[in-house]
Amino acid sequence: MRDSVKNLLRQIKDLRGGGSFKSNGSNAADISQDFSSHEESRISDREPISTASDLNRVDLSNDPDFDPFPEEEEILTGNSKRCLIIVGSLFIVCCLALPTAIIAHHMLSSKNLSHTYADCKFFGDLRLQNKYLRKKLAPTNYDEIEEPLALPVEKETNVLKAPTAASFCAGIPPARMFDCYPESGATKDKCEARGCCWMPRRPASKGNQGLHKSLEVPYCFYPQNFGGYKYVNVTEAQWGLTAYMQREFFSPYPDDVPLLRMDIKMESKERLRIKIYDPYHQRFEPPYPEVPKVKGKVSKRDYDVVIDPAKFGFKIVRKKTNCTIFDTASTEGFTFANQFIQISSLLPTHMIYGLGEHRSTLRLSTHWERFTLFTHDSVPQERTNLYGSHPFYLMLEESGKSHGVFLLNSNAMDVILQPAPAITFRTIGGILDFFFFLGPNPADVVSQYTEVIGRPYMPPYWGLGYHQCRFGYKTLAKTKEVLQRTIDAGIPIDTQWNDLDYMQRGNDFTWDSELFAKLPEFVDDLHKAGRHYVPLIDAGIASGEPKGSYAPYDRGMELDIFVKNQSGLPFVGKVWNKYATVWPDFTNPNTVDYWLNELGRLHSLLKFDGAWIDMNEPSNFYDGQKDGCPDNQWENPPYLPAVQGGKLSYKTMCMSAIQFAGMHYDVHNLFGYTESIVTSFAMAEIRERRPFVISRSTFAGQGHFAGHWSGDVASTWYDMRKTLPQLLSFSMFGVPLMGADICGFNGNTTAALCQRWVQLGAFYPFSRNHNTDDGIDQDPVSLGPEVAESARVALKIRYSLLPYLYGLFWQATISGTTVARPLFFEYPHDTQTHDIDEQFLWGSAIMFVPVLDEGKTTVSAYLPKGSWYDFYNLQLLQADVGTGEWRQLQAPLGIIPILLRGGNVIPMQAANLTTTDSRKNPVELLVVPDVEGSASGLFYWDDGDSLNTFVEGHYSLANFTSGWGWFQSTPQWWGYQEKLTLGKVTFLDVASNVTSVTLNGKAAAFTCVLESKLLIVHDINIALSYPISIHWK
């Protein structure tokens, strides 16, 4: 496993070995590619191209002479092919590239660059005859035309020959005005120098919008038919289509890429990939998550791709409904410069979700909202870049179908939503690498997304228990005291945590030899009681300690694994350590050995069970180093996304810091994610059991390795409310193991707030109480008997439902389904569910409706179509009448309303104070019928902690089905040999008096509660490894 993690990281080295990066403008050598190693069919630049058959689109699939797979492009790699590349490249340079480059250079360096399309007959045309006219592609080497295209920002008045005609500005509705001057300081002269329209709606002295504010209609916007790039070649390829695009005129940003390549890869029936990049200079691309590599294209697809060669852009159309789900052809402003890449698309509806990590409602506003994706240590608040970067959104269409879009790009970016509705991605580096997922329902979209970024990992069973922590225990004695009073109150608890204060001077891999002297013995006692222990591991390593006194620093220096400054020395900042801090470079394969060894040394003395990795955005108390950052294009890019602090290095590293994968400018958003990868591997190696890792900073694919918590939320009713949209968004991001600090982290909670928050937090998938060192104690017992009792009741319900929750995590692992999910996932056609983010589901069967307002003892809840039952009395609350309805639910101070959805069989166990003991109890089932009397469910089980149990077959799986008068349990696989018996089955909504029950054909013990319509078959005591049938009359 170590080799697989190292190989993942070494992919970066292999990538770099192919030639130097032109990573966002570095002056690197060109990377030659043999684009002429095959012949491709030419497609006219006068006809729209589509993957569909349509009278208005080119379709030669019925042409008997049409060859859909001519000799195709193949990227030649490996030593065995290098000679062929060299010979081929020399031939191309001599015979094709040089003459072509001279002509192209003349075209692009012409002083008459304007918005009109240049003559492109040089590249050939499609002849609609029996065969395509076969031509070679664009020049292989573009050195000669690269330099004249660079234009300093200060010369922006020379970008265009003349202002845009007023006729191209008139008639554009405000909702479809795309910002042409996203920086601050826009004026009429500056705007028109870019060839754009100026139309202020209030005094224009302030220019365009500032940071962290709601955006407005831009003053400076693109005119109609603005242009920018034009197609010069569109061809059939083995995977779909390949297009080349040529820059027509200079943008206002330095280093325009003069020629772009777009690969349209039809990877599956529901998945499409569109990649736009510089074919001659290798730019930074995130080496992880590892996405699937598909060589061919599928013949049956749910989508069409439409290209009009006369105008840049593309449309993606859902075939079944003819809904255009992504449309860049109807927008303006596409730009691909070295440190400014922008693309806009019209959207089919306003029903958009995702784009994390941020604080907002679950459904995002399309009224001029900006979401900045740049990992940062910030108190959660609106319109602020937070701990993670997830450039993914899910959208509901008018038909009720869903699709998703993922941009694989790790650079800082702004994502703009406007009322057209439309979206703009604006990033300062990398490439555009889009994945489109056609669903058609929300669950399908997330499944298709996690198929690309990695399925969620299977957490250990104990990780789903209750966790307790505090920054500020300060001593082991206080830690023990809080734990013991929790146990004495009868509150289930599985895991004790310690924050920074357990360390010696805040240094990783140490503990305070005085205040936490007997910490190893304490952890041993936890294990004897069936509990677990998780310590904090910060991302930074102490430097500046007396020479030879702190071995983790010395060993890191020997291995040369720390992030470097531009001088090649370790980058030095400051976090919690006494003197200074350096950071391991988790993109360096050698860091795998370093991190494994340091965690292993600590574990040999302190048998911790999981790792809590914090401050890994990375956070820094300085803006860069103590004396700041160099003054260069990486620290001060031509465009600055709306990051907190007004500069990229604010409370983090300098962007020009050097990592194995490249500059920190490119990999900043990957820091916490790469630490999660390496930590997950290390914990699995050390314990030889499932890793349990919780990280604050995340990127796409995080859920494949670790979980997440929502950071430093405040102890307020508002912050409690806002944890729900964040939880549900992370479910869409493929990170089901997620929660918030119960009762809040910052500030002082109150008994009333904590009582309601512990009821909600008991049903976060990751459930932990945690707070700051300058606040009051907030473990449930410390806040009084009412809070303690609410915690005991809610957590005992959680523990009783853990078999069901564990099964949901297994389903997420194998198929990418969500665990906690919003209502619209189950009811996408019910418009009432689309905005609901204050109630949520576990899977499809259980709904939670928390009380989020102080003093309230009722709560308004929407019950969608179907049968719904009260969890506490098991009575039918709403019959299936064909529509949903809003209900007022009783919510006394001691409980959280919980509803059961008809049609489900829910596995349970009696709750003990640890998962270790609860797992020993017989299985119990709740059979909750729908209007037809039917119900179904499953039960997944393994030892709860071993690696690869599903892959190796060391698990058990049973299916449950039920109807009026009968029930059947059927084992599907029984590879986990621990005997597990079925204890009792409770049937809801049994309308008539039951007089007899048989169990596998024999009379069974039962209780019928006629007034409650309950039938309880008890004392079953049959192993679930055998078929079980129950019948009643």
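Which residue in β20 is the bridge partner of Gln 418? The bridge partner is Ala 422.

## Overview

The model is predicted. The protein holds 16 helices and 55 strands. Its residues number 1033, and 62% of them count as buried.

The accessible surface comes to about 36,500 Å². Carbon and sulfur atoms account for 52% of that surface. Take the contacts between residues at least 6 apart in sequence: 72% of them join residues at least 24 apart.

Strand β20 covers residues 422–427. Six of its six residues are buried. In a regular strand, side chains alternate between the two faces of the sheet. Both faces of β20 are covered. Ala 422, Thr 424 and Arg 426 are buried on one side. Ile 423, Phe 425 and Thr 427 are buried on the other.

Strand β19 (residues 413–418) pairs with β20 in the antiparallel sense, over six bridges. The two strands form a hairpin, with three residues between them. Strand β14 (residues 340–346) is also joined to β20 by six bridges, and these strands run antiparallel. Within β20, Arg 426 stands opposite Gln 342.

Asp 433 lies in strand β21, residues 432–437. Is Asp 433 buried or exposed? Its relative accessibility is 2%, so Asp 433 counts as buried; the cut-off for buried is under 20%.

The side chain of Asp 433 makes a polar contact with the side chain of Arg 273, at 2.7 Å. Leaving aside residues up to four places away in sequence, Asp 433 touches Arg 273, Ile 274, Lys 275, Phe 406, Leu 407 and Leu 408. One of these, Lys 275, has its charged end over the ring of Tyr 277, 5.5 Å from the ring's centre.

## Aromatic rings

The count comes to 61 aromatic pairs. One of them joins Tyr 288 and Tyr 673. A pair of aromatic rings is described by the distance of the centres and the angle of the planes. For Tyr 288 and Tyr 673, these are 6.2 Å centre to centre and 75° between the planes, an edge-to-face pair. Tyr 288 sits in the loop between β9 (271–277) and β10 (303–307), and Tyr 673 in helix α11 (residues 671–687), so the pair ties together parts that are 385 residues apart in sequence. Both Tyr 288 and Tyr 673 are buried.

Elsewhere, rings gather in a cluster. Tyr 461, Tyr 806, Trp 810, Phe 939, Tyr 940, Trp 941, Phe 950, Tyr 955 and Trp 973 form one aromatic cluster. Another ring, that of Trp 612, has Arg 768 over its face, at 4.5 Å from the ring centre.

## A parallel sheet

What is the strand order of the open sheet of nine strands? The order is β33-β32-β30-β27-β24-β23-β22-β35-β34, with parallel pairing. The edge strands are β33 (738–739) and β34 (741–742). Each edge strand pairs on one side only.

Technical notes:
Residues are numbered from 1 along each chain as its sequence is written. This is a predicted model: local features need pLDDT of at least 70, side-chain atom pairs count only at pLDDT 80 or more; totals for chains, interfaces and linings use all residues. Side-chain values use heavy atoms; hydrogens and water are left out. Helices (H or I, at least four residues) and strands (E, at least two) are DSSP runs, numbered from the N terminus. Buried means under 20% relative accessible area, exposed over 50%, partly exposed in between (1.4 Å probe, protein chains only). Contact means heavy atoms within 4.5 Å. Accessible areas come from the Shrake-Rupley method with a 1.4 Å probe; for residues, only the protein chains shown count as cover. A polar contact is a pair of N or O atoms within 3.5 Å; within protein, one must be able to donate a hydrogen and the other to accept it, and residues adjacent in sequence count only if both atoms are side-chain atoms. Rings of Phe, Tyr and Trp (its six-membered ring) pair if their centres lie within 6.5 Å; planes under 30 degrees apart count as stacked, over 60 as edge-to-face and the rest as tilted. A charge sits over a ring if NZ of Lys or CZ of Arg is within 6 Å of the ring centre and within 35 degrees of the ring normal. Two strands pair if DSSP finds at least two bridges between them.
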